[in-house]
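Please read the points below with the structure open beside you. They go from the whole chain to single residues.

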Amino acid sequence: MSHTRVAEVGIERTLLLYVLRRIRGSCPVSGSAAANLSRQIAPSDNVVGSAPYSLARATPGSARADHPRLQSARSRSRSHSLVRDQGFAEVKSRYPVTPDGRYFVVKGRLWRCTNPSLPSEAKQLLVKELTEARRAKGAAMRIRDLVGREAARKRVDRAKHQLGERGPVWWTDGAPDWNRHMAVNTPYADWFISLSV
């Protein structure tokens with residue numbers, strides 16, 4: 001196949017992918033138009049060295065499912081699920097924690113840590129509830145269930161309050177709450193800047 005033909009096939013596939021994505025969205029493109037475009041790419045038009053393109057979803061064992069990029073995406077998805085299932089207490093260990101143990105920092109922003117005085121069993125139960133509530137919220141958002149999303153959001157908020165990550169602070173020295181503030185705009189600025197020195 002000539003380089004010119006390879007380029008033409010690449011352009012056709014790009015257009016087809018664009019149209020299919022628009023169909024899934026709100027663009028009023030008819031299904032027949034998409035079908036006509038899909039027929040323009042015959043099996044003989046495959047680019048040299050690539051697996052045949054299919055409009056169907058990838059299935060285990062198929063050429064598309066075995067593609068390195070898809071395998072990498074699945075691996076990332078599994079690792080993200082694992083981190084989510086382990087609870088936010090473990091996730092926080094990946095981020096800098098202020099010297100007083102009250103906040104951890106993500107992208108320069110302070111987030112209040114869980115109350116360290118909580119019993120271990122209670123903490124585990126609350127983290128599990130928080131994780132399940134977040135999953136429920138995500139599921140409700142995917143199906144556009146506004147009632148379900150609001151109910152799950154309240155569950156998340158309740159769990160975070162019980163963990164001490166929201167609501168009244170769990171320390172007793174009268175220090176203000178800097179939750180969600182940028183670290184450089186708080187008394188922790190010098191400490192935060194020193195992390196990058």
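1. Helices (DSSP runs of H or I, at least four residues) and strands (DSSP runs of E, at least two) are numbered from the N terminus. The chain has seven helices and two strands, and along the sequence they come in the pattern α-α-α-α-β-β-α-α-α.

2. This is a predicted model, in which local features need pLDDT of at least 70 and side-chain atom pairs count only at pLDDT 80 or more, while totals for chains, interfaces and linings use all residues. Residues are numbered from 1 along each chain as its sequence is written, and side-chain values use heavy atoms, with hydrogens and water left out.

3. A residue is called buried under 20% relative accessible area, exposed over 50%, and partly exposed in between (1.4 Å probe, protein chains only). Of the 197 residues in the chain, 23% are buried. Contact means heavy atoms within 4.5 Å. Among contacts with a separation of 6 or more, 56% join residues 24 or more positions apart.

4. Helix α6 covers residues 146-163, which is 18 residues. Its expected span (1.5 Å times one less than its number of residues) is 26 Å, and the end C-alpha atoms are 26 Å apart, so the two agree.

5. Which residues of α6 are buried? They are Ala152, Val156, Ala159, Lys160 and Leu163. Seen down the axis of α6, they fall within an arc of 95 degrees, so they line one face of the helix; the arc is taken from the directions from the helix axis to the C-beta atoms. An α-helix has 3.6 residues a turn, so residues three or four places apart point the same way. The buried residues of α6 pack against α5 (120-142). Leu146 and Val147, on the other side of α6, are exposed.

6. A nonpolar core is a set of buried Ala, Val, Leu, Ile, Met, Phe, Trp, Tyr and Cys residues joined through side-chain atoms within 4.5 Å. The largest one has eight residues: Tyr103, Val105, Leu110, Trp170, Trp171, Ala183, Tyr188 and Trp191. Apart from it lies another core, of seven residues, including Val127, Leu130, Ala133 and Val156.

7. Leaving aside neighbours within four places in sequence, Val105 is in contact with Tyr95, Pro96, Leu110, Trp191 and Phe192.
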